[in-house]
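This briefing is intended for a reader who will inspect the sequence and the coordinates side by side.

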Amino acid sequence: FIPLAAAESPHNQHAYHLKIDEEVTKTLHEAEAKKIVVVSKLYWVDPKEMICNAIVDVPLDHLIKGCRGHSKLKRSIMGSVSNYVSNNVPCPFTIVILPPS
């Protein structure tokens with residue numbers, strides 16, 4: 001697990017190739033201020049299976065996952081992480097889709 005302060009450290013961001021979005025950081029700090037526990041975990045393998053495994057390991061009460069909104073053709077070739085996860089996780093699951101730019 002990586003605490004928020006450690007994830008924000010420039011040394012750790014460089015070491016783990018992290019790129020933390022400012023808006024996400026702001027939201028995480030607001031959650032911390034409200035005593036909401038936020039944890040993150042880094043995995044360097046296939047995201048589909050590791051997300052499902054991490055939910056069991058942590059365990060989570062609810063998962064919220066972003067979706068890039070790839071085209072149907074790209075999803076059919078590459079597969080959809082969101083689709084796989086939504087069909088295989090043991091907890092409630094919400095997909096947040098990026099609005100069209």
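The points below cover the fold, the core, the cysteines, selected residues and ring geometry.

The structure is a predicted model, in which local features need pLDDT of at least 70 and side-chain atom pairs count only at pLDDT 80 or more, while totals for chains, interfaces and linings use all residues. Residues are numbered from 1 along each chain as its sequence is written, and side-chain values use heavy atoms, with hydrogens and water left out.

**Fold and surface**

- The chain holds 6 helices and 2 strands, where helices (H or I, at least four residues) and strands (E, at least two) are DSSP runs numbered from the N terminus.
- In sequence order these elements read α-α-α-α-β-α-α-β.
- Of the 101 residues, 18% are buried; buried means under 20% relative accessible area, exposed over 50%, and partly exposed in between, with a 1.4 Å probe and protein chains only.
- The chain has an accessible surface of about 8,000 Å², and carbon and sulfur atoms account for 58% of that area; accessible areas come from the Shrake-Rupley method with a 1.4 Å probe, and for residues only the protein chains shown count as cover.
- Among contacts between residues at least 6 apart in sequence, 65% join residues at least 24 apart, a contact being heavy atoms within 4.5 Å.

- Which residues make up the largest nonpolar core? This core has 7 residues in all: Cys-52, Ile-55, Leu-63, Val-85, Val-89, Cys-91 and Phe-93.
- A nonpolar core is a set of buried Ala, Val, Leu, Ile, Met, Phe, Trp, Tyr and Cys residues joined through side-chain atoms within 4.5 Å.
- In soluble globular proteins, nonpolar side chains tend to be buried together.
- Helix α4 (residues 47-57) has Met-50, Cys-52, Ala-54 and Ile-55 as its buried residues, and their cover includes β1 and α6 (81-88).

**Cysteines**

- Cys-52 counts as buried because its relative accessibility is 9%, and Cys-91 does so because its value is 11%.
- Beyond its neighbours within four places in sequence, Cys-52 is in contact with Tyr-84, Val-85, Asn-88 and Val-89.
- The whole structure contains 0 disulfides, a disulfide being a pair of cysteine sulfur atoms within 2.5 Å.

**Selected residues**

- Thr-25 sits in helix α3 (residues 22-33) and counts as buried because its relative accessibility is 16%.
- Not counting residues up to four places away in sequence, Thr-25 touches Glu-8 and Ile-20.
- Ile-64 belongs to strand β1 (residues 63-67) and is exposed, with a relative accessible area of 60%.
- Ile-64 touches Thr-94 and Val-96, leaving out residues up to four places away in sequence.
- The C-alpha atoms of Ile-64 and Thr-94 are separated by 4.8 Å, although these residues are 30 apart along the chain.
- Lys-35, in the loop between α3 and α4, is exposed at a relative accessible area of 72%.
- Phi of Lys-35 is positive, near 65°, in a residue other than glycine.
- Most residues other than glycine have a negative phi, and most peptide bonds are trans.

**Rings and charges**

- The count of aromatic pairs is 0; rings of Phe, Tyr and Trp (its six-membered ring) pair if their centres lie within 6.5 Å, with planes under 30 degrees apart counted as stacked, over 60 as edge-to-face and the rest as tilted.
- Lys-48 lies over the face of Tyr-84, at 5.7 Å from the ring centre; a charge sits over a ring if NZ of Lys or CZ of Arg is within 6 Å of the ring centre and within 35 degrees of the ring normal.
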